[in-house]
Amino acid sequence: MSRVLAFLIMLLLATGCAARPTLDPNLRIQTAVASTLAALPSPTTIHSRTPQPTATPFSLNGLFCEYRFCIGHPPEMPFYDVVAKQNPNSPLASTYENGILAAHTPALFIQLIWQHAPGGSDPTFLIELLLEDGLDTRLGNYETRQINQWNVVFSPITTTASPLLPFGGVAGWMCGDRAFAWKTYTPQGNLAEGLLREAVARFRCE
């Protein structure tokens, strides 16, 4: 009886082993790849902080990098070199030492200028050059804002340059041996500082 039982057990084991199908190597690889991909963590959504003290409806995913500096801008309105656009053959186009950029849509205007200023510490002289006589009016005194690592001088403005964009702001900061000045015209009075903060938060220079 024990021999018959042992024989049946061996027969069942042999049958069980023979019944297992051989897996296709390609299928095994595909299964392993699928398992690996499924185990990868999902990317974490990065929530951008709302600029303080004002919010802006514009996204600044765009980034301008040229003349050995970078600055943020709305992706739908990239900067262009003002002098080079007006006269492509002009030798006065922007350089490391000085330049002028602009970007605009019907709903927003931004301008950036820079100038070689070795030893300088106060960018207000360049901001004053950016203000249009008879068109731009600064509201109050300049105030300093800490944006990222930069000490930025800022003032809101009103302007008659465009009836659609009667508000705005001007700002300036130093980086290395250069002074930078930034200006915007906006349709509402509470947008300028938010735009400035997002732009300068991505500013880098050599």
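Two strands pair if DSSP finds at least two bridges between them; strands (E, at least two residues) and helices (H or I, at least four) are DSSP runs numbered from the N terminus. The model is predicted, so local features need pLDDT of at least 70 and side-chain atom pairs pLDDT 80 or more, while totals for chains, interfaces and linings use all residues. Residues are numbered from 1 along each chain as its sequence is written, and side-chain values use heavy atoms, without hydrogens and water.

**Exercise 1.** Determine in which sense strand 1 and strand 2 pair.

Step 1. Strand 1 covers residues 62–66 and strand 2 residues 69–73.
Step 2. Five bridges join them in the antiparallel sense.
Step 3. E66 lies opposite F69 of strand 2.
Step 4. The two strands form a hairpin with two residues between them, and Y67 in the turn has a positive phi of about 55 degrees.

**Exercise 2.** Describe the surroundings of R178.

Step 1. R178 belongs to strand 10 (residues 178–186).
Step 2. The R178 side chain reaches the backbone oxygen of Y96 at 3.1 Å.
Step 3. Residues that R178 touches (heavy atoms within 4.5 Å) include Y67, Y96, W114 and E206.

**Exercise 3.** How many residues of helix 5 are buried?

Step 1. Helix 5 spans residues 192–201.
Step 2. Seven of its ten residues are buried, among them L195, L196 and V200.
Step 3. Their cover includes strand 2 and strand 10.

Key. A polar contact is a pair of N or O atoms within 3.5 Å; within protein, one must be able to donate a hydrogen and the other to accept it, and residues adjacent in sequence count only if both atoms are side-chain atoms. Buried means under 20% relative accessible area, exposed over 50%, partly exposed in between (1.4 Å probe, protein chains only). Lists of a residue's contacts leave out its neighbours within four places in sequence.
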